[in-house]
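Here are my notes on this structure for a first reading. Please keep the sequence and the 3D view open as you go.

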Amino acid sequence: MSSHYLGFIWYRSLAQLRSESARTYLGYLWWILEPLLYLMVFYIVFALVLNRGDENYVQELLVGLVVWKWFDSSVRASMDVIHQNAALIDKVYIPKIVFPSVSVLSNGIKFGLVLALLLLYSILFGSGASMHWLALPLLLFMQFLLVYSVSCLVAAITPFLPDIKMIFDKLMTLLFFLSGIFYTAESIPESIRGYFLLNPAFLLIENYRDVLIHHQWPSISAAAYICLLSSIVLTIAIIILRRFDRIYPRLIY
Amino acid sequence: MSNALIELRDVGVCYRSRNLFGGTREFWALNKVSLTLNRGDTLGVIGRNGVGKSTLLKILADIIRPDRGTIETQDCRSTLLSLRVGFLNHLDARENAIMAGMLLGLSRKEIESKLDAILDFAELQEFVNVPIGTYSTGMVARLGFSIAMQIDPDILLIDEILAVGDENFRQKSSQALRQRMQSDKTVVLVAHNEQVIRQLCNQVVWIEDGQTMASGQADTVIDAYNSFLAEKQAVNAS
């Protein structure tokens, strides 16, 4: 992709965020309020109602939710993104990968803000900062790769099979429950824990907890696994998007 | 070296409709179209509704590729004139103009330097800071048209848009377009108005049912097309 389109992705992402906040009275405040409310819901259910967990539970829950959010919002936004831009695609050539890229970037910017708040929370009320936080760029890179690859893949497939959106939607819900967001690896029976470790989202969240809460370095094997798997998915997605770059305008009308 | 910017030979585009229970239906929007577009030409495309004129423009704009036939192009950028490329209703004219300009191939710096010219031409300077969602249809069209006029593609593709806005602006926009067509710019024009085609185009292609029926000198092709229409009408009447 040329630098011209990278510039466009950046401008379009910011424009979309501005456009979104222009639609509400509170505007940019929602960038913080919305995730806060989201976190509050899970806090009420799991920490208060179900009265789960030990001293670290709230922080573990928050890390899980915050990390999940970028993945969830980007992938869901990408499902329909080529179709939503049908009017544009019909008028001017644009590499279709631009659209999931905008979804990932605009949601990534929001995620960055929430992550900063999470770090602040960890320092003030959680387990505090440590030198292990230096591994954060690596975690962010892994996360970006995972989010971007799956977003591109769903964006590439749904125009051919619009019905599959329903399946993807439910799969995301399933994945939410399987990714250890409101529980940790230790709480899974050992007999089935191995299967959970195949889920890159699960591994990613566990790695974030290791670094942010348990003051450990991330697992290199998990990092390698996530990067490898994401790279394969991303390659497939890019091949599809490029191969059908000039077919997509004919699928949507 | 030949002067042809784009040469299409026997180009066909097939749309397939999908439905598990209805089977696949094939529809050839374009069947066998050939044309040559030379540098500096103003090429008119005529034909009845639904014969594939807009599909042809999409091929020339490199938005879609045909299923069969060959295209030979020289390295050139062709742009379809459209009145709202990627506009977001909640943003103002400036932001939308930058976005549209980038989509049409300008760098951010280039489009920013042309902003004033765009807003002046569109006569929207006093509405710069309001979201375009509050604009009237005509105002949005004026903005879109003014942006398009600042883009200078190698080939400009026009699908029936010959003027926009109110009476005053229609004259101004029509004049701007005519100026461009009469200069040595390369233009492809789809229009139903025969007078316009005769006036502006030096070459005309007539498409019927996805096929090139005739191409060449404007007057010759238009006359052939007219006698074809008259014949059709006579058949229908009897």
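Predicted model: local features only at pLDDT ≥ 70, side-chain atom pairs only at ≥ 80, totals over all residues.

1. **The main core.** Start with the largest nonpolar core, which has 106 residues. Which residues have the most contacts inside it? In chain A they are A:Leu65, A:Trp68, A:Phe182, A:Tyr208 and A:Leu212. In chain B they are B:Leu143 and B:Ile147. Helix H3 of chain A, residues 57-79, gives the most to this core, with 12 residues.

2. **A:Trp68.** Take A:Trp68 as a way into that core, as it is listed among the residues with the most contacts there.

3. **H10 and H11 of chain A.** Helix H10 (residues 200-212) and helix H11 (residues 220-243) belong to chain A, and their axes come within 10 Å. The crossing angle is roughly 140 degrees. Are the two parallel or oblique to each other? H10(A) and H11(A) are oblique. Their crossing is left-handed. From H10(A), the contact residues are A:Pro200, A:Leu203, A:Leu204 and A:Asn207. They meet A:Ala222, A:Tyr225, A:Ile226 and A:Leu229 of H11(A). This contact divides into 7 nonpolar residues, 1 polar and no charged.

4. **H2 and H6 of chain A.** Now look at helix H2 (residues 29-49) and helix H6 (residues 98-124) of chain A, which pack with their axes 10 Å apart. The angle is about 65 degrees. H2(A) is therefore roughly perpendicular to H6(A). The crossing of these two helices is right-handed. H2(A) brings A:Trp31, A:Ile32 and A:Pro35 to the contact. H6(A) meets them with A:Ile109, A:Lys110, A:Leu113, A:Val114 and A:Leu117. The contact has 7 nonpolar residues, no polar and 1 charged.

5. **H2 of chain B.** How many of the 11 residues of H2(B) are buried? The count is 10, so this helix is largely enclosed by the rest of the structure. Among the buried residues are B:Glu95, B:Asn96, B:Ile98, B:Met99 and B:Leu103. What covers them comes from both chains. Chain A supplies helix H1 (3-22) and helix H5 (86-89), and the cover also includes H3 and H4 of chain B.

6. **B:Ile111.** One residue of helix H3 of chain B is B:Ile111. At 0% relative accessibility, B:Ile111 is buried. Not counting residues up to four places away in sequence, B:Ile111 touches B:Ala97, B:Ile98, B:Gly101, B:Leu106 and B:Ile118. B:Asn96 is 15 residues away from B:Ile111 in sequence, and their C-alpha atoms are 11 Å apart.

7. **A:Ile94.** Where is A:Ile94 found? A:Ile94 sits in the loop between H5 and H6 of chain A. Its relative accessible area is 0%, so A:Ile94 counts as buried. Beyond neighbours within four places in sequence, its contacts are A:Tyr5, A:Phe8, A:Phe99, A:Asp245 and B:Leu103.

8. **B:Ser82.** Another loop residue to check is B:Ser82, between strand E5 (78-80) and helix H2 (93-103) of chain B. B:Ser82 is buried, with a relative accessible area of 5%. Leaving out neighbours within four places in sequence, B:Ser82 is in contact with A:Lys91, B:Gly144 and B:Ile161.

9. **Two positive phi values.** Most residues other than glycine have a negative phi. B:Glu123 has a positive phi, near 55 degrees. B:Glu123 lies in the loop between helix H3 (108-122) and helix H4 (137-150) of chain B. With 37% relative accessibility, B:Glu123 is partly exposed. B:Glu160 also has a positive phi, about 70 degrees. Its loop runs between strand E6 (155-159) and helix H5 (167-182) of chain B. B:Glu160 is partly exposed too, at 36% relative accessible area.

Note on methods: Residues numbered from 1 in each chain as written. Chains lettered and ligands numbered in written order. Heavy atoms only, no water. Axes fitted to C-alpha atoms, helices over the stretch in contact; angles between N-to-C directions. Helix = DSSP H or I, 4+ residues; strand = E, 2+ residues; numbered from the N terminus. Parallel < 35°, antiparallel > 145°, perpendicular 65-115°, else oblique. Left-handed = near helix turned anticlockwise from the far one by under 90°. Contact = heavy atoms within 4.5 Å. Nonpolar A, V, L, I, M, F, W, Y, C, P; charged D, E, K, R; others polar. Buried < 20%, exposed > 50% of the residue type's maximum accessible area, 1.4 Å probe, protein only. Core = buried A, V, L, I, M, F, W, Y, C linked by side-chain atoms within 4.5 Å.
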